[in-house]
Amino acid sequence: MIDSESSLLTAGVDEVGRGALFGPVVAAAVILPEEVLDDLVSSGVTDSKKLTEKRRCQLATKIGTVASDCQIGMASVWEIDRLNILQASLLAMKRSVLKLKLRPDLVLVDGNQEIRDLLIPQRTIVKGDSKCLAIAAASIVAKVWRDALIVRLAKKYPVYDLTNNKGYGTKKHKQGIVDYGVSPQHRLSFSLGSRD
């Protein structure tokens with residue numbers, strides 16, 4: 001796994017929730033100090049999808065403690081429907097970077113799309129959450145933050161099994177849509193009845 005150029009203040013940024021039917025898309029931007037990189041690697045920081053929920057929560061707490069800066073950005077369901085999911089994802093990433101109290105010299109972006117109108121140099125890294133420690137850390141922080149938000153929303157919308165599916169299109173979630181219709185947090189631009 002690569003880390004950032006040591007002479008530059010580098011932020012990693014990643015988003016979660018792109019494929020969900022329900023809830024916002026959430027991004028995190030993380031700046032890690034040089035001295036914690038080895039410890040985070042040995043702790044198992046990697047792509048959040050490769051970790052158990054319990055381990056993600058433990059690592060997110062650790063990352064929040066040791067990061068020089070760590071911020072969340074979101075794009076709402078309304079923005080997803082208005083802009084499309086790709087542009088909303090990039091907007092969430094941009095918001096997370098702009099909230100950083102430290103201004104990075106370079107932003108490492110997961111994927112192959114640059115963040116539009118970001119006045120900071122950036123580099124895209126395909127599968128960055130598996131290749132770059134700061135992006136992996138951002139993927140963990142964003143995933144844990146979004147999951148916690150969806151669990152809170154599940155109390156308001158109990159018929160969609162959100163606690164278990166985190167807003168993704170499982171069989172129970174889709175059946176809830178069939179039986180009760182959509183909520184204000186459902187993405188109307190997504191095909192809600194037929195998507196996995």
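## Close-up views of a predicted model

**View 1. Strand 1 and its antiparallel neighbour.** Strand 1 and strand 2 (residues 25-31) run antiparallel and pair over six bridges. Helices (H or I, at least four residues) and strands (E, at least two) are DSSP runs, numbered from the N terminus, and two strands pair if DSSP finds at least two bridges between them. Val13 has Ala29 as its bridge partner in strand 2. This is a predicted model, in which local features need pLDDT of at least 70, side-chain atom pairs count only at pLDDT 80 or more, and totals for chains, interfaces and linings use all residues. Residues are numbered from 1 along each chain as its sequence is written, and side-chain values use heavy atoms, with hydrogens and water left out.

View 2. Strand 2 and strand 3 run antiparallel and are joined by seven bridges, with Val30 opposite Cys70 in strand 3. Strand 1 and strand 4 pair in the parallel sense over four bridges, and Ala11 stands opposite Val107 in strand 4.

**View 3. Strand 1, covered on both faces.** In a regular strand the side chains alternate between the two faces of the sheet. On one side of strand 1 are Thr10, Gly12, Asp14 and Val16, on the other Ala11, Val13 and Glu15, and all are buried. Buried means under 20% relative accessible area, exposed over 50%, and partly exposed in between (1.4 Å probe, protein chains only). Seven of the seven residues of strand 1 are buried, so the strand is largely enclosed by the rest of the structure.

**View 4. The largest pocket.** This one has a volume of about 260 Å³. Of its 15 lining residues, Glu15, Val16, Gly17, Lys49 and Tyr168 are the closest to the centre. Strand 1 (10-16) and helix 6 (133-156) are the elements that give two or more residues to the lining, and helix 6 gives the most, with four. The lining has two nonpolar, three polar and 10 charged residues; Ala, Val, Leu, Ile, Met, Phe, Trp, Tyr, Cys and Pro count as nonpolar, Asp, Glu, Lys and Arg as charged, and the others, Gly among them, as polar. On a 1 Å grid over the protein atoms alone, a pocket is an open set of points where a 1.4 Å probe fits, with protein on both sides within 12 Å along at least five of seven lines, and lining residues have an atom within 4 Å of a point. Grid points are joined across faces, edges and corners, and the volume is the space filled by probe spheres set on the points.

View 5. Helix 4 (85-98) and strand 4 (106-110) each supply at least two lining residues, and helix 4 gives the most, with four. By class, the lining divides into five nonpolar, four polar and four charged residues. Arg18 is in the loop between strand 1 and strand 2 and counts as partly exposed at 37% relative accessibility.

**View 6. Arg187, a buried arginine.** Arg187 lies in the segment after helix 8 (171-180) and is buried, with a relative accessible area of 0%. Its side chain reaches the backbone oxygen of Gly23 at 2.9 Å. The C-alpha atoms of Arg187 and Leu21 are separated by 5.6 Å, although the two residues are 166 apart along the chain.

**View 7. Two loop residues with positive phi.** Neither residue is a glycine: Asn84 has phi near 105°, and Lys127 has phi of about 55°. Asn84 is in the loop between helix 3 (77-83) and helix 4 and is partly exposed at 38% relative accessible area. Lys127 is in the loop between strand 5 and helix 5 (128-131) and is exposed at 58%.

Definitions and conventions. A polar contact is a pair of N or O atoms within 3.5 Å; within protein, one must be able to donate a hydrogen and the other to accept it, and residues adjacent in sequence count only if both atoms are side-chain atoms.
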